[in-house]
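Good morning, colleagues. Please look at the structure on the screen while I take you through a few of its strands and the contact between its chains.

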Amino acid sequence: MMKNVRWRVALTVAVIALSVWAFYPLDKKLNLGLDLKGGVHLVLRVQTDDALRSETETTVERLRSSLSRAGVQYTKLEATAADEFRVEGLSNDDAFRTAAAADAESVFDRNSGAGGYTYKIKPNVANQLREETVAQALQTIERRVNELGVAEPVIARQGADQILVELPGVSDVARAKSLISSTAVLQFRLVENGPFPTQEAALDSVNKVLPADSEILPGRQEAASSGSPTPATGFYIVKKVSVVTGNELRSASPGLDQFNRPAVQFTLKQDAAVRFGTFTQTNIGKPLGIILDKRVMSVATIQDRIVDNGQINGITRDEMQNLVITLKSGALPASLTYLEEQTIGPSLGEDSIRSGVTASIVGLAATTLFMLLYYRLSGVNAIVALVCNLIILLGLMAYVGFTMTLPGIAGFVLTMGIGVDSNVLIFERIKEELDLGRGVRASINAGFSRVFLTLLDTHISALIAAAFLFQFGTGPIRGFALTLTIGLISNLFTSTFVSKTLFELVLGRRQQVAALSI
Amino acid sequence: MRLFKNANYDFLRWRWHAVALSWVVIIAGIAVIATKGLPRGIEFAGGTGVVAEFDREPSVEAVRDALNRNYQFGGQDAIVQSYGNPGSRQVMVRVPQVGAEQGTDLATVSAAVEGALRKDANLGTFTIVKREIVSPSVSGQLQSKGIWAFVLSLIGILAYITFRFQLSFAVGAVVATLHDILVTVAFLAFFQYDMTLNIIAAILTVTGYSTNDTIVIFDRVRENLRSHRRDSLNDIINRSINQTLGRTVLTAGTTLLSAIALYVFGGEVLRGFSFTMIVGIVTGTYSSVFVAAAIVTFWRRKQVRPSSAAPSAPAEASAQKQGRKPRRARAS
């Protein structure tokens, strides 16, 4: 009998010691959620339609050049939706079908319609494209956030096309947001004409008919901060074809241009450099535009053959730093929109922690007082079990690396109330057994063993609700579901095993026990 | 000390009164929701919320004035209220999202609110301690997720109790839980709390917690059905409720202590949460005593009646016949 008790005490002490080791010191070991630490919480949607649209547009371009090589005429060949293009008025159907089979039909489904064909991206290809786009966006955002130097960021996929970003301790929300969501598609294209003051003026210069291989793009925006060089905003007619894109950059670094203004220096990868070299050689004297996210950043006349390096100038110092980060991390495959944004100042988090701690202390004090008044010495037993429960809860949270949130603190406080319930049930049963005239030891044993199954039932039904709560929730709510779940499990251990051990410890050496303080 | 020693109340006699009372509360709740609506928190309604901490105690009226005068999207729809504990000098401003779905411009509204406040020199200086911007498309998704979580956890509990006890008990427990959710939502409507994620979490917790008392009573019913086979089901249920009355009230009391501590000291963010818990704990205890058992007797009588030879036979006799069933069904 005594040996049994010794073993139980040893196990209890070991569990408690391990838990304390796991969470001590608390402020270093326990992860705090954004709502307690302060920071930015963002939910973005990846516009996966962008990826489909670019696939469609590339295919249309490719088909156009194939058709012109084959000498096939058409009245219409253009994208009609993100995942659809239409061709009409073909001069040679067979030749077109051969070209389309090579250029489009692995990705697109063909539908014959009146006077032409409609091509739509195959559903499985569309799904795969969307999937890849989200995965790629996630990686790019990860790289950018790493460049930001934030400690312990959270970047996770949420649902089909959403990405959750949590940046603890970041206060400059605007910068973080623009860094994350700028698509950073860098292109080098020939400039036909410009700048024009308005879009209409640009159109007028080509007699309202834009060549099929060109488009009108706006120039760079006025820089926000005053005093920096702000080139006039205008509109340019540029070629659609890009010589080199940002994916072919080898490096990007901050630097200065010849007028000592901030500029981004970049170098190209080898094969891109070869291509760029030939291209610049054959186009000496023509203006070349550096285009970032569909804006013409700068236009320079090609003076000589350029091989593998260049610079983007006419930007502010802040823009330069952001541009280096976005260029290094690569372009986003699709644009992003913000669905949700939450900023919590560090002072608010501190307030929350303070009130959470106060509520915990008051809750514990009230419970202790009540248990001591109602159950006298046995109440001490229940409180010791309860404190053990809380220690194990904190220990597990810290050990597994779960995040403590404000609702998590609520779960902690509620665990006290729910936890002590188990001991109430056991003690009431013991009282009942004592009333029936059983001995103290027999009553205690009967109390614990009879109530155990009931406790199992109540805990499991509470766990079922907690599990669905976890499924439903995000960030803070998950923290709550987790504390509640761990609290319930550790409570089953402390309220039955630890509490029983305490009774045995107290009654252990005495042969006959006349009365129980309960 | 002993609460309800040898209690002997005839709870089943009052069950229909209790059910009527519950319906009154629930229908009143529905009426309030139908007329005044259930205010939706920012997570569900979408919009922009800004909490500003001022250097000196701000007046809510002055902030509202500043918005009416300077906020470019119109301050009439703005909700302005003081935030946090008294003396924390914080004011929360909530406005609907303008130009929703234009993702990158999500922050323009909050910038406009801040600008409007900064323009008013009388307000003094302030810092933004919290900023929340939610586009409406997120909120719709959350609503359906929340409803699914309820339905699934109720089904889970139904299945578990059927497995551990039997179907009539499970139906009793789930109806009691449903009752608790409806009453809790009714009270949230009476006091016009904003439906937030935290409140949904609290309601889900109530879902799990309110079955606890019910299970304790059912456990005793099962035990008594075995040891007092000759008594009628109504007697057994009444006796079981009385025998467990002390612990039912005590366990609710201890949890209530924690919930009240949270309500008073837990801070602004957790106030709605702890209010929901308090209502849920009280109604959960009430429903365990009055509703759950009533449903069990009702369900069983309904099941027995068609097969009973004499429709006029006393209900208790048929219930008694049924009373033996759990012993066979249950092995524990």
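Predicted model: local features only at pLDDT ≥ 70, side-chain atom pairs only at ≥ 80, totals over all residues.

Strand β18 of chain A pairs with a strand of the other chain: five bridges join β18(A) to β4 of chain B, residues 126–134, and the two run antiparallel. Within this pairing, A:Q342 stands opposite B:E132 of β4(B).

Let us now take the whole contact between the chains. On chain A, 57 residues are in contact with 58 residues of chain B. Which elements of chain A each supply at least two residues of the side that touches chain B? They are the strands β2 (39–46) and β18 (336–344), together with the helices α11 (346–400), α12 (406–435), α13 (440–472) and α14 (475–507). Sorted by class, that side of chain A has 32 nonpolar residues, 18 polar ones and seven charged ones.

Strand β14(A) has two partners to consider here. With β13(A), residues 249–256, it pairs in the antiparallel sense over seven bridges, and A:G255 stands opposite A:A263 of β14(A). The hairpin of β13(A) and β14(A) has five residues between its strands, and in this hairpin A:N260 takes a positive phi near 65°. The other partner is β17(A), residues 309–312, which is joined to β14(A) by four bridges and also runs antiparallel to it. There, A:Q265 stands opposite A:Q311 of β17(A).

Methods
Residues numbered from 1 in each chain as written. Chains lettered and ligands numbered in written order. Contact = placed C-beta atoms within 7 Å. Nonpolar A, V, L, I, M, F, W, Y, C, P; charged D, E, K, R; others polar. Pairing = 2+ DSSP bridges.
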